Every structure is written in C-alpha cells, then in structure tokens.
Amino acid sequence: MNRYVKTALLAGAAWSALSTFAMAQDAPQEGAASLDDVVVSARRRDELLKDVPISVSAIGEERLEQTGASDITALQQQTPNATVQVARGSNSTLISFIRGVGQQDPLWGFEPGVGLYVDDVYVARPQGAVLDIYDVQRIEVLRGPQGSLYGRNTVGGAVKYVTNRLSNDPELTLRGAYGSYNQIDLMAAGSIPLADNFRVGGAIASYQRDGYGTNINTGAEHYNKDVLAGRLSAEWEPSDNISIRLAYDRVEDDSNPRHGHREVAGATPAGAVLPSVYDTNAGVGDNNSVMTEGASATIEIGLNDNWTFKSITAWRQGDTDTVIDFDNTPAPTLDIPAYYADDQLTQEFQFLFDYDRIQGVAGFFYLDGHAEGAFDTILGNAGIVIGTAGEVNTESWAGFADVNFDLTDRLHLGVGVRYTLDNKEGTVFRANYLGATRSPLLGGTVRAPLLVRTDYTNDKDFTQFTPRIALSYDLSDDMTTYASFSQGFKSGGFDMRGDAVFTPDTVNGYEPETVDSYEIGLKGALDRLTFAASIFYNEYQDQQVTTQVPAVGGIASFVDNVGSSTFYGAEFEGQLRILDSLSANFAVGYLNSDFEEFLRYNLTTSMYEDISDLVVLQNAPEWTGYLGFTWMGDVGGGELAVTPSLSYRGDYSQFEFPNPILDQQAYTLVDLSIVWTDPSDRFTLGLYGKNLTDEEYRVGGYNFPGALFDNSVIGYYGPPQTVTASLQVKF
C-alpha cells in the first residue's frame, strides 16, 4: 500500500509545481511553443490536441518521414507503454498492447484488445493489419479504454490511421527506395480534379525484400517481404453543406511464411539450434498468402450552423492461407497448416453538434461479422493429426453519446456513455485423425475421425454499459490539466481451439473482460517545451487469457476469464526546441502490473486453481522510452533534416508464464535518418539506418517442450540492421 501512497504524493507534487509554473505563464511568451496546429479526432470530432482530456500520441506525416517509419509497427518505438508488432508466425498480422492490455492470439473469433481504425472504419480482424505507411496524413494512438466513443474491443486503447485527403489541384508523387537485403520499394500517389467539386485519386505501393534468413531445408527466403497494396478514393461536394467520400483499398501479401527459430535443440541433428536467428530448417512448406480488402462510403451533411450528420458505411473481407512449422525440422513433428477467412459490414451514424458552451457527438453503430478457419496440428511422433475447424458469427449494436460542457471559460466537463449488445454464435469441431498428414478439414485424405474431441454450436449475448467522465481545467491559454474515469470492455466468445475432452467447460464460452481506468493528465506548452504527461491506475476484471499447453496425447487450449489484475503507471512525451535548428522528441512510459487472481484449470484434478503468484502480464515492460534529436538547416540550397534516435524497451515476458528461454531482456534500438528536400519541395532524398547496432530481440514465441513435440521452443525476431536510400519526386 505504501508504494501507492508514495506514487500519489510524487504525482501531486509534480502537478503542483507544473501547474504553478503554468499559471505564471498565462501571458504568451516570445517564441513560445504552440499546440494550435496539432489537430486530432480522438473524440470523433476535430479538436486541438491540448483540449482533449485523453492520452493521445499524434504522429504526423512529416515526423513519419523524418524517422523513416515503414509500417505501423514503428509506433512502438515512439509511443510510451505501447506494443505494436508483427504477430508470431506471420508477416502482416498485427498484435497490439497499450498499457499492458491487448491480445497476442490472432485466431479467428478471439477479439483484439486494441481497436484499429482506418479513416474511422473499424478493422475487426488483425490479419493484414500491419499497415504499410504510404499516403498517410497522421496516426493517432489513444491510450487507455475508449469504450464510450469506440466501443467494444478498445479495452486497451485505439490506433487511428488517417489517410491524406485529395487535393483540389492535380498532384502526383513518385517514391522509390533501395536498401539492405535487396529491398525495393515503389510507390505512386496522386489525385486529379474532374470538376470544381469532384476529385479522384489513389495510391499504389510495392514492397519487395529478400529474407533476413534462409530455410536451410528448402532454400527459400525466410523473413522476406512481397507485398502489393493500393488505395482508390473519390471526393464529391454536391453542395456547400454536403461532402461524400468513397474509398477502396486492397493488400496482397505473398511473403513466405515465418517458421521462427528453434531456441532449444531437438533429438536429431535436423533439430539443431541454427547460428542465425533468422534461419529455419522447416519442412512444412513455403507457401503463404494473405489478402485483405475493403470499401467505405462517408457522407457528411451540415444540417445547420450547429448540427452535422455523418454516415460511415464500410465492408471488409480477408483470406489467409499459411503454414507454420513449430518444430523447425523437415519431419512433421509439429506442423500447422491453416486458413482463415473473415468479412464484416459496419454502419455508423453520427450527429455532431456545437453550441456556444456545449459540443459533442451522439450516434449508433452496427457490425455484422463472420470469421472462420481451420488448422491441423500434425504430430509425427504420435502418428496422428488433430484437425480443428470452426466459425463465429457476430452481430453488434451500440448507441453512444459524448458531450463536452464548458462550465466556465476555463473549466470543462466531458461525459460519455455507450451501451453495447453483442450476439455471437460459435461452432467448433476438433478431432483426431490417424496418420501424420493433413486432415480432411484441410484437403487431406478423406478418413473418419479416430476421436471427436469437440463438436458443438452455441450462442451467447453480451451486454455492456461503458461510461466516461472527464473534468479539465485550462491553467493558461497553452496549458490544460484533467482528471478522468473511463471504462472499456472486450467482448466474450468461444474458443475456436477448445478441446472438450481436456476442458469440458469450453462449450460454454468465456465472458467479456473490462478495464476501469483512472487518469490525471497535464498537457500544453512551456516556452520551448511542448508536452503531455499522465498518471493512470487501472483495474482489470474477468481478464481473458489464451494459452496452449502440452497435454497427454495432444495440446490443450484455454481461453479463460482468469481473474483480475491491477496496474498503474505514468507517461511523459513531447518535444523540446533546444535551438531554432535543433529539437528533441521524447517519450517515457512506466508500467507496474500485478495479477490479483489467476484461475487456471488443472488437467489432473479437473479443478480451477489460483496461481496468481506464478504469472505476470505479458508484453508489459516496466519501462519504455524514446529520444530522438532532429537538426534542420540549409544545405545545398535545400533543407536537411538529420534525426538520430534511441528507443528503449525493458524486460518483458512473451506469455503470462515467465520463460527464461523465450522472454526478452531489455534492449535499445539505434536509428539514424538523413532527409534532404530541395527549395521547391519537389525532390526529397532520404537515407535511413535502422537498428544500427544490429540488436537481436524477440518479438514472439511458442513453447511446446517435451519428447512428443521434440522440444519445439521457437522464437521470432525483429529486423536486423538495415540501411535504405529513397528518392521522392512531386509533380
């Protein structure tokens, strides 16, 4: 209890000092930094960042270019207390954690804990969600539960990917890059007005790269990249108060599968630990294909001076065919071929209003989603394959409102509420088949099951009321402090891997989880410093945890509401203008977490046991940090920007159960970017060095020890040292 009191006292002292200084700065100072040009849509309406009582990191197009961000995982380096990574065993599946809350399991039917939005369109599935950064205006990271405005599955927060709007003038941008491992990136983006009120445009990008490693068994590239992405859009204003935007996007990822790196030697020479962490000796194959696409229509109508109506209609779908070789040997000891497919239709209506002292939004959201898949667990040492298949259908309805009241010129009250009703129907089939080859579920030899382990269809309704309240006070024209409470929830469901032989309760599904978050924050500008600071305390209830563990004759899967945890932390981020030509960007995050209860089903006793003293929160390092300096000056008649940076990530566990073989120790990444732009802003040259010290660090793993699985303990690693040169031309 003493550490909570100590934290509160330190926080109060810090806030008192900063607030006193801020009130003394009420009159604008010469050369003072300003947040007036930082606009975000965190509360579903455009607002100045300093006026939003939410922890938000907003990274604009210029900053993304200066730091050489290639895809959305770059957010992890610059955002405090965030994990944004490529999922284990994949190339373009996203896993996200914010303040220790998220999900690592990309299986269909298991919901993410951090919501992803592309131009206000919710992306329900993580497959194909590692978005490459092209034609992007900014990316916002909303930290903490966003249940009132963004609803289900934003229990940890939300990531908003905002693309560029079309210009009223003809535009064309061409970009090419060449780098390490024969990296070749090509991008073209442009728009053209067909009338004074009608524009069309689009962007296409190709990303090619040889592998960081090799499949020693087949000779194929390992950790390579083969992605084609495109986006088309049209914008029309038939009258002064009506705007319509149509958009379509598609991503095709044909990169080879990632089989990982064996961390423990197997029983045969083929199972040796290879010298390079990017090499594998897998035998299941090298075919992998991921496709995602979507279309949306956004209509905005100004009803009068105070009210605006907005409709967002969207459809998305995706297909994945992949294989993962868990044993990393030519033998089918633990091979997993799989496919996933999903589609979703969403409709959102918003009514935005703005009066003298009251502003806000109210609306309705609907989702109709379907996700399905199948995978085989081929166990060569047992002479069997466990075939698993299933689907989940989801209908979700929600009504929401978020209102800001200006109680005085400086004191503001924000109140939000959302009511959500989810209906889910899950079907799961799991069976043993004789023979260590593909099951009939994935096109293998037709044969009757040796043992049906799971076969059921069930449906459940989940309802949740998620409130938010925030009180903010403008200490000065450039400084705001706030205190808030918010709640988020992640929907319940059914375990698509559930084994009713090992865990009979799996047919009943699992319940939603919730997070209650208390936060105080301070954001604004002090002379040359622009910053945002926050302290938070979270109560995590009915926490969903998914694990797969070795069992007699197979693998047991659990998705349980294991209990509860509490965690608290602090964040400080911003920019310091040291000189007119030199600035520093920084971000520091601290997170302390503890399980209070963790109930786990004991396969031997068939009882639930509290093992909270044995587990930790996964992907929750105690400290994260970023420091980048940018020097800008006139060189060769143009503007040169040089940005060296360091990003730090403390020790963290890959799973709830600590594992010294797989858990990652603290590491620091060193990057350097050099960008030159000619005086006309037409030509841009860039040189980007990433992970210059060639740090080896794990971003995921699987743990299947034991003779049956030939000690299949494998890790997945982040990119090695790379250098990339680019040229961009604007017409």
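Student: Which residues lie nearest the centre of the second largest pocket?
Tutor: Keep in mind that this is a predicted model. Nearest the centre of that pocket lie V38, A58, R63, Q575 and N585, out of 39 residues that line it.
Student: How much space lies in the second largest pocket?
Tutor: About 1,200 Å³.
Student: And which elements supply its lining?
Tutor: Several give at least two residues each, among them strand 3 (55-60), helix 2 (61-66), strand 28 (529-551), strand 29 (554-579) and strand 30 (582-602). By residue class, the lining has 16 nonpolar, 13 polar and 10 charged members.
Student: Moving on to packing. Which residues have the most contacts inside the largest nonpolar core?
Tutor: W108, F326, L334, M496, F704 and Y716, in a core of 34 residues. Strand 21 (335-354), strand 22 (358-379) and strand 36 (698-704) are among the elements that each supply at least two residues of this core. Another core lies apart from it, with 32 residues including V86, L116, L131 and Y161.
Student: Back to L334. What does L334 touch?
Tutor: Leaving out residues up to four places away in sequence, L334 touches I324, F326, T377, I555, F704 and F709, among others.
Student: F704 and F709 are both aromatic. Why does the pair count as tilted?
Tutor: The ring planes of F704 and F709 are at 55 degrees, so the pair is tilted, and the ring centres are 5.9 Å apart. Both residues are buried.
Student: How many aromatic pairs does the structure hold?
Tutor: There are 31. Another one is Y117 with Y122, where the centres are 5.4 Å apart and the planes meet at 40 degrees, so this pair is tilted as well. Y117 and Y122 are both buried. There is also an aromatic cluster formed by Y181, Y212, Y223, Y278 and Y717.
Student: What is the phi of Y223?
Tutor: Positive, about 65 degrees, although Y223 is not a glycine. Most residues other than glycine have a negative phi. Y223 sits in the loop between strand 15 (221-222) and strand 16 (225-239).
Student: Does Y223 count as buried or exposed?
Tutor: Buried, because its relative accessibility is 0%. D681 also has a positive phi of about 65 degrees, and lies in the loop between strand 34 and strand 35 (683-690). D681 counts as partly exposed because its relative accessibility is 41%.
Student: Last one. Where is P467 found?
Tutor: In strand 25 (residues 451-476). P467 is partly exposed, with a relative accessible area of 23%.
Student: What is P467 in contact with, leaving aside neighbours within four places in sequence?
Tutor: G416, V417, F485, S486 and Q487. Its C-alpha atom is 9.5 Å from that of L149, although P467 and L149 are 318 residues apart along the chain.

Definitions and conventions: Residues numbered from 1 in each chain as written. Predicted model: local features only at pLDDT ≥ 70, side-chain atom pairs only at ≥ 80, totals over all residues. Heavy atoms only, no water. Core = buried A, V, L, I, M, F, W, Y, C linked by side-chain atoms within 4.5 Å. Buried < 20%, exposed > 50% of the residue type's maximum accessible area, 1.4 Å probe, protein only. Helix = DSSP H or I, 4+ residues; strand = E, 2+ residues; numbered from the N terminus. Contact = heavy atoms within 4.5 Å. 1 Å grid on protein atoms, 1.4 Å probe; cavity = no way out; pocket = protein on both sides within 12 Å on 5 of 7 lines; lining within 4 Å. Points joined across faces, edges and corners; volume = space filled by probe spheres on them. Nonpolar A, V, L, I, M, F, W, Y, C, P; charged D, E, K, R; others polar. Phe/Tyr/Trp six-rings, centres within 6.5 Å; stacked < 30°, edge-to-face > 60°.
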